[in-house]
Amino acid sequence: MGLPVPSLSQTSAALCFLLILLVPLAVAGLALVNAGLGRSRSAAHVMLASLCVFGVAATVFVAIGFSWQGCAGRSAHLMTIGGKTWNWIAAEPFFLRGLPLDLSAESLIVLLQVFSVGLAAVIPLSAGSDRWRLGASCASSALLAGWTYPLFAHWVWGGGWLSQLGANSGLGKGLVDGGGASTIQAVGGLTALSVTWVLGPRRGKFSPAGIPAGIPGHSPVLALAGCLMAWAGWLGLNSAGAILFAGTNPSSVVLTVLNTTLCATAAGLTAAVVTRVRFGRPDASLSANGWMAGLVASSAAAAFLKPAIAILVGIVAGGLVLSAIDLLESRLAIDDPGGAISVHAVAGIWGLVAGSLFSVGGPDGQWLAQLAGITTLLGFVLPLTYGLNWLLDKVYRQRVDEEGEVQGMDLYELGAGAYPEFVVHSDEFMQR
Amino acid sequence: MAAGWAIVVAALLLLPSTASRVAFVLAGMAVEVLGLVLAVRSHRVLNVDRG
């Protein structure tokens, strides 16, 4: 068994509840970042899709997803391998039946999970911007909330085999991920990668020689405002997650908040400085990506890091996300308008690595447990989410028609633009 | 990628010594990276054709 569900005093439970109430700000912030980094003719579509996708994910998760995820110490399907008992999947009733929905730790975990799965579902919208049909994004998020997320989250947070690696195999404390660098961010980021592969790039993004065209985001203001809003959400997410999933004392909340902030600021500043050096001026969109990457990287171990190390983790995250964005677009021909893959998958995995290198430390083998989490993300979650999205595309085409891409998603799917008083520009970026 | 993951899981669950576990986990990771490179390369060609 991994870390048990903590027993909380009434004061600690109330603190956790208030922290969890901050988490929707992370969703709102991410939606604004996604809208700001996309084109103006799809801005309203992205915001509506964020609401719809969150709604679908939360509903499906409550209906069936939590049945597979569960909480540590509650009913689950077990398997005995090599003389040890391993927990593979939870066995809770559908629709949260039988679960105490009060201020107990279990009920707080459920509440945090509902917001977390919504956050994970909003991440791929950025990658599918300007070409992902609203209905298809909702269907894809139902698959994420119904299968991919609950299964992996059970393994990490629900007493599953990754969290048991400590007790059963002597690998430290098993996989430690307080704020969801793997369960929320990397799962969302790898789903974004699957979606970009299934959808293909935006029309005109790559020349026949594979050279990418620059299609700038329409509003750095929205993106940067989203960063500030997401920051508040992340403070709640990391703090509540550390208490409920990593077993930290509620008094460690100050350290968690401080480290989350330091990591984000260091990453945002690094991105601003690097783009200033490379391009002569700091790039607002890439700095926004850097800030978000810092928040993501802080998620795994904000409760355990020393403040100086949190700054280091942020600096690496800021540099890493810029390199990843460049690599994906220029070398690998992956069209990810908002940088979701780099920000959430790459920085999330970096957060897990940093957790094992700098903080969780302690007993031997902790790094191997963190490595097992990363290999599970790449070897299980990515093929699963790609397979599900590929199958979905076969029965319900995910990409919008060419006419929709030319008109923009707002006009084509919603019948009205986000900025009706503005002039709509032509595709001046297209390479002819 | 899935085959690499299977190697990692089998190593962690079945092998007793740390050294053999580390060796097989790294081998499993190498298989995963190979799979990832293949997936990325095949989609790169598709994306350039579609873009």
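I looked for salt bridges first (a side-chain nitrogen of Lys or Arg within 4 Å of a carboxyl oxygen of Asp or Glu), and the count between chain A and chain B is zero. A note on what I am reading: this is a predicted model, where local features need pLDDT of at least 70, side-chain atom pairs count only at pLDDT 80 or more, and totals for chains, interfaces and linings use all residues. Residues are numbered from 1 along each chain as its sequence is written, chains are lettered from A in the order in which they are written, and side-chain values use heavy atoms, leaving out hydrogens and water.

Next I checked contacts, meaning heavy atoms within 4.5 Å. I found 39 residues of chain A in contact with 23 residues of chain B. In chain A, W197(A), L368(A) and T375(A) lose the most area to chain B, together 22% of what that side buries. Here buried area is the accessible area (1.4 Å probe) that two parts lose on being put together, summed over both.

Which helix gives the most to the side of chain A that touches chain B? I see that α12(A) does, with 13 residues; helices here are DSSP runs (H or I, at least four residues), numbered from the N terminus.

Then I turned to helix α4 (residues 134–157) of chain A, which has a kink of about 40 degrees centred on L144(A). The bend is the angle between axes fitted to the seven residues ending at a residue and the seven starting there. Of the 24 residues in α4(A), 19 are buried, that is, under 20% relative accessible area (1.4 Å probe, protein chains only). Just after α4(A), I noted G159(A) with a positive phi of about 85 degrees.

How values were computed: Helices (H or I, at least four residues) and strands (E, at least two) are DSSP runs, numbered from the N terminus. Buried means under 20% relative accessible area, exposed over 50%, partly exposed in between (1.4 Å probe, protein chains only).
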